[in-house]
Amino acid sequence: MNDKKLVIFSDTFKPITIFLMMIVLMFILFGFFEYDKGYLSTRNIRMLFTHMSISAIAALGLTYVVAVGHFDMSFYLVGRQAAMTTSYFNKTDLMMNSFMLGNIHAFVIPAVLAGIAVGCLWGLVSGVAVGIFKLDDMVTTIGTGFMAFGMAYFYTKGSFIYDNFLTSGITEINDAKWFAIPFPIILMAALYFISYLFLSRSKHGRCFYATGSNKVAAIFSGVKVKHYIIIAFVVCSGFTSLAAIMTTAAQGVGSVKASLNFLMPAYAAVYIGIAVFKKPTVIGTFFGALFSAIMLNGFTLMALPFYLSDLIIAAAMIIAIMASKIDWASIKKKKPNTAPVIHAN
Amino acid sequence: MNDNANEIESGFQISNLFQAKYGLIWVAFIMIGVFAIASPTFRTPGNLLEILRQSGLLAIMVIGLTWIAATGEIDVSYGDIAAFTGIMTAVFLKAGLPWPLTFLLAICLGSIFGLFSGILVVYFNFPSLIATLAVGSGLAKSIARWVSGGAVVHISNPPGVVYQIVYGTFYGIPILFLITLAIYLICRELQDKTTTGQHLYALGENRQATQEAGISERKILLSLYVLSALLASIAGVLLTAMVASGNPNIGGSYFLDGLTVVFLGAMIIKAGQPNVIGTLIGVIILAILSNGLTLMGEYFFVGNIVKGILLVFGVIVVTLARKRRQVDGRFVVA
């Protein structure tokens with residue numbers, strides 16, 4: 001009994017401890033260098049989490065796909081069409097004629113849902129192609145992604161949508177505050193909590209990991225592998241669409257480039273999580289996203305140019321995975337790890 | 001591969017031309033016909049030769065990807081490595097370095113990225129997508145932007161020799177295309193007539209069996225990633241000479257095209273396996289498509305949708321062929 005508890009402790013809390021140490025270290029480092037710029041102020045920390053929430057939600061969706069042992073290259077392109085769909089509905093007269101809910105027009109809700117639905121539809125296409133027809137996941141999703149990306153241009157031929165953004169209340173998705181906490185942070189926390197319960201604390205979650213670690217074994221164990229693959233792709237595209245709509249709300253303009261820069265941060269968050277937790281988990285992704293956000297925020301305050309953000313994230317991811325691989329070899333000899341390992345390819 | 005050899009021995013027959021594995025060539029002819037009827041500009045000889053010239057760059061860029069895809073791995077860094085090399089070339093030329101040294105330096109620097117992603121994939125067991133994504137769109141693109149300050153670097157006078165390679169013609173045929181053709185014929189010999197070429201397909205077919213047979217998977221994969229980056233770098237240098245500027249963000253526009261041509265090319269010659277001649281035909285088909293759609297006044301995003309559909313279609317054919325081959329392998333001893 002005691003042993004079991006120890007294993008659980010080392011499986012979940014050891015990685016968290018590693019992450020917490022890394023994060024505290026980053027805070028001390030940046031706090032020391034940039035104390036005068038207010039790095040540790042409440043305002044900056046609130047900003048950090050608000051910025052993080054968008055890429056963290058996209059990464060959360062990707063966690064599902066990686067958990068079933070696949071890759072998705074379409075999510076960041078699908079998000080662009082989702083954002084354009086919502087912006088397009090935002091532009092219509094229907095929006096301005098709808099009744100008010102507080103300080104937002106009621107039609108904002110169906111507009112956002114329509115955007116997410118378009119995203120989910122592409123997720124369904126990819127999921128069916130990969131799950132049922134067993135096509136190669138990377139190449140298929142690149143194909144579907146670019147179809148979605150092409151269709152994002154159909155609404156306006158690529159020009160920005162500014163109409164009604166200031167009046168319809170869609171910007172409230174980014175600006176609203178509940179109990180002094182920005183709405184994106186609440187949204188992120190809620191989605192992470194639900195996903196944690198679903199992936200790590202439910203029977204269905206086990207099925208996702210079973211699918212990811214060995215499909216044939218999963219099928220013989222009675223897991224409906226195809227269903228879980230399709231669900232994973234739909235969830236991934238849906239979450240990314242939401243994140244893209246949040247970006248649109250934050251920028252106050254409907255642009256075909258809404259989710260263009262999601263690819264690297266999302267994969268980095270998931271794989272930094274895997275490097276520490278040894279499998280794609282919700283907690284791991286959260287800490288991965290938090291870790292990248294802290295670094296980006298710190299370097300931004302140090303006035304580093306924006307185009308180095310991908311460099312920093314990529315370097316962090318490479319170092320994290322390399323470190324985890326080196327660690328693996330020495331630990332493996334002492335005791336075989338019981339946690340399911342995702343074999344990518 | 002085996003049936004391929006048999007057919008060469010059995011001699012040429014007209015009915016062979018209508019087999020499914022040559023289907024894409026017919027698609028190309030139909031496309032040329034449709035565009036030629038629809039657009040008077042398309043059917044001018046000048047435009048047709050321009051299509052050949054423009055396909056040269058992409059063709060050189062994706063040879064490495066073709067072979068990497070044949071082993072069952074993937075490389076998404078080629079476009080960004082080409083962009084990086086292009087920026088380096090422009091910066092070095094601007095700094096006043098002589099052009100041979102510039103090209104050598106730029107190509108060597110570009111190849112280092114390939115070595116790096118190869119090491120990550122081979123020695124650290126990174127999933128190849130993650131490694132090449134991090135190296136390509138993470139490192140190469142960011143460093144290119146860093147060096148250029150995020151802007152396009154213009155060069156006033158591209159050196160004469162390279163200008164000749166890119167824009168010159170030989171009896172009316174673009175020199176760039178002739179060079180591409182030569183490279184492809186050499187690569188085709190390497191692929192089909194050497195044991196290393198056969199090992200690529202062995203790796204793609206069954207990793208475990210290949211390793212048990214004593215073939216060094218690591219050596220092959222590592223050299224493939226270096227080769228891919230090397231060829232992408234050469235393409236990057238030529239690209240810079242072609243447009244007389246280095247652009248750090250140009251990699252993205254080659255990303256979809258490269259994957260599409262490789263998986264389109266997999267449909268022909270070796271049914272279901274990426275191969276160099278197929279890739280070359282794929283490149284030309286894509287160039288015809290882009291050129292034709294542009295001349296017919298379509299927006300570029302229509303091209304993106306069509307390419308996406310072609311890519312998915314290519315993957316479907318490859319998957320079906322692979323499935324059929326696996327069934328064959330189980331019941332028929334070749």
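**Conventions.** Residues are numbered from 1 along each chain as its sequence is written, while chains are lettered from A and ligands numbered from 1 in the order in which they are written. Because the model is predicted, local features need pLDDT of at least 70 and side-chain atom pairs count only at pLDDT 80 or more, whereas totals for chains, interfaces and linings use all residues.

**View 1. The contact between chain A and chain B.** Contact here means that the C-beta atoms of two residues, placed from the backbone, lie within 7 Å. By that criterion, 35 residues of chain A are in contact with 35 residues of chain B. On the side of chain A that touches chain B, helix H6 (137-152), helix H12 (263-277) and helix H14 (309-334) each supply at least two residues. H6(A) gives the most to this side, with 11 residues. Helices (H or I, at least four residues) and strands (E, at least two) are DSSP runs, numbered from the N terminus. The residues of this side of chain A divide into 25 nonpolar, 5 polar and 5 charged. In this count Ala, Val, Leu, Ile, Met, Phe, Trp, Tyr, Cys and Pro are nonpolar, Asp, Glu, Lys and Arg are charged, and the others, Gly among them, are polar. For the complex, the predictor gives an ipTM of 0.81 and a pTM of 0.84.

**View 2. The largest nonpolar core.** A nonpolar core is a set of buried Ala, Val, Leu, Ile, Met, Phe, Trp, Tyr and Cys residues joined through C-beta atoms within 7 Å. A residue is buried if 20 or more other C-beta atoms lie within 10 Å of its own, exposed if 12 or fewer, and partly exposed in between, with C-beta atoms placed from the backbone. The largest such core has 208 residues, and those with the most contacts inside it are A:Ala232, A:Met317 and B:Met61. Helix H11 (residues 225-251) of chain A gives the most to this core, with 17 residues. Neighbours within four places in sequence left aside, B:Met61 is in contact with B:Tyr78, B:Ala82, B:Leu231, B:Ala232, B:Ala235, B:Tyr254 and B:Gly258.

**View 3. The crossing of H9(A) and H11(A).** The axes of helix H9 (residues 203-213) of chain A and H11(A) come within 10 Å and cross at roughly 100°. The two helices are therefore roughly perpendicular to each other, a term that covers angles of 65 to 115 degrees, with those under 35 degrees counted as roughly parallel, over 145 as roughly antiparallel and the rest as oblique. Axes are lines fitted to C-alpha atoms, for helices over the stretch in contact, and angles run from 0 to 180 degrees between N-to-C directions. H9(A) contributes A:Cys207, A:Phe208 and A:Thr211 to the contact, and H11(A) contributes A:Val225, A:Tyr228, A:Ile229 and A:Ala232. These residues divide into 6 nonpolar, 1 polar and no charged.

**View 4. The surroundings of A:Met52.** A:Met52 has its place in helix H2 (residues 42-67) of chain A. This residue counts as buried because it has 25 C-beta neighbours inside 10 Å. Outside four places in sequence, A:Met52 is in contact with A:Ala289, A:Leu290 and A:Ala293.

**View 5. Two loop residues of chain A with positive phi.** Most residues other than glycine have a negative phi. A:Lys134, which is not a glycine, has a positive phi of about 55°. A:Lys134 lies in the loop between helix H5 (108-131) and H6 of chain A and counts as partly exposed, with 15 C-beta neighbours inside 10 Å. A:Phe179 also has a positive phi, near 50°. A:Phe179 is found in the loop between strand E3 (177-178) and strand E4 (181-182) of chain A; because A:Phe179 has 5 C-beta neighbours inside 10 Å, this residue counts as exposed.

**View 6. The surroundings of B:Tyr184.** B:Tyr184 lies in helix H9 (residues 175-193) of chain B. With 19 C-beta neighbours inside 10 Å, B:Tyr184 counts as partly exposed. B:Tyr184 and B:Ile63 are 121 residues apart in sequence, yet their C-alpha atoms are 8.2 Å apart in space. Not counting residues up to four places away in sequence, B:Tyr184 touches B:Ala59, B:Val276, B:Ile277 and B:Leu280.

View 7. The mean of pLDDT, the predictor's confidence in each residue from 0 to 100, is 82 for chain B, and 90% of its residues reach 70 or more. Over residues 1-10 of chain B the pLDDT stays under 50, and the model has 5 contacts beyond four places in sequence for them. Over residues 330-334 of chain B the pLDDT is below 50, and this stretch has 1 contact in the model beyond near neighbours in sequence.
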